[in-house]
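Please keep the sequence and the coordinates in view while reading.

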Amino acid sequence: MATAPFPKLLIATHNAGKLREIQALLAPHGVEVVSADSLGLPVPDETEATFAGNALIKARAAAAASGLPSLSDDSGLEVFALGGDPGVRSADWAGEPRDFGRAMDEVLRRLAASGSADRSARFVSTLALVRPDGSAQVFEGEVRGTIADARRGTRGFGYDPIFIADGDSQTFGEIEPAEKYAKSHRTRAFELFVTAVFG
Ligand code: IMP
C-alpha cells in the first residue's frame, strides 16, 4: 500500500456518525486523523445548492483555519418521487435540535401523500479534499435503493433506518455496520479519493 502523501488529515465534520465512518475507512492508510470538533473549529454555513459546493465550503474553511489538508463530506438522501428531497438539505430536515426520527417520518408521510408507487432513492456522498495551498479535489459516490414502508433498526445514523440498498431486504439501520461500509455511498467516494491521493 502506498504511503500517505501527508501525515495528518483534518476531517472537516461535526457529525459524530460521519467521523466514525471516515476514521474506519482511513484506518488502513496510516494517516493521523484530527476532527474539526477536537480543534474547536466553527461550523461554516452551507450556502451552496450542490453537494460538491457545500463540501468545498467545509473543507476550505477547515484548511484555512488549521493549515492542515482537510477532508469534508457533504452527503444526503435523495428520494426521486419527492423531486430529490431531502437532498442537500438532508441535515436541515431534522431541525434543531436534530431529530432524524421526525425527518424520516416526514419522508414517509410525503411519499404516502405523493401517491407515487416509486420509492426509489439514493444516498450521495461528495468528498472534498482541500490542501493548505488552496488546491482542491472532489470525489462523489452513491448507493441506490428504496425507501422502506416504516423505520426499521437502530444502527447507523441519520436516515439509515428507512433506506434499503438495492439487492438487500433490510435497512441500513438493521444491517451490521461492516455490511453498510462495504456498499455505502461514502465508501464509494472514498475508493475514488484513496486511488487519487494514495495511489
Ligand atoms: P451534511 O452533509 O452534514 O450536510 O448532512 C448530511 C445529512 O445526510 C446527514 O446529517 C444525514 O442525515 C444524511 N446522511 C448522509 N449520509 C448518511 C448515511 O450514511 N446514513 C444516513 N443518513 C445519512
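In this predicted model, the elements of the protein follow the order β-α-β-α-β-α-β-β-β-α-α from the N terminus on, which comes to five helices and six strands. The radius of gyration is 17 Å, close to the 16 Å that the globule rule gives for 199 residues, and the protein is therefore as compact as a globular protein of that length.

**Dimensions and packing**
- Taken along the principal axes, the box filled by the C-alpha atoms is roughly 50 × 35 × 25 Å.
- Buried residues account for 47% of the 199 residues.
- Of the contacts with a separation of 6 or more, 61% are between residues 24 or more positions apart.

**Nonpolar cores**
- The largest nonpolar core has 20 residues, and those with the most contacts inside it are Leu77, Val79, Val107, Ile147, Tyr159, Ile162 and Phe163.
- Two or more residues of this core come from each of β3 (70–79), α3 (100–114), β4 (120–130), β5 (136–147) and β6 (163–165), with α3 giving the most, at five residues.
- When neighbours within four places in sequence are left aside, Ile162 is in contact with Leu77, Met104, Val107, Leu108, Thr146, Ile147, Ala148, Ala150, Arg151 and Thr171.
- Another core, of 18 residues, lies apart from the largest one and includes Phe6, Leu19, Ala189 and Val194.

**Surface and charge**
- The accessible surface of the protein comes to about 9100 Å², and carbon and sulfur atoms hold 51% of it.
- There are 21 positive and 27 negative side chains, and the centres of these two sets lie 1 Å apart.

Key. Residues numbered from 1 in each chain as written. Predicted model: local features only at pLDDT ≥ 70, side-chain atom pairs only at ≥ 80, totals over all residues. Heavy atoms only, no water. Helix = DSSP H or I, 4+ residues; strand = E, 2+ residues; numbered from the N terminus. Rg over C-alpha atoms; globule rule 2.2 N^0.38 Å. Buried < 20%, exposed > 50% of the residue type's maximum accessible area, 1.4 Å probe, protein only. Contact = heavy atoms within 4.5 Å. Areas by Shrake-Rupley, 256 points an atom, 1.4 Å probe, with all protein chains shown as cover. Lys, Arg positive; Asp, Glu negative; His and termini not counted. Charge placed at Lys NZ, Arg CZ, Asp CG, Glu CD. Core = buried A, V, L, I, M, F, W, Y, C linked by side-chain atoms within 4.5 Å.
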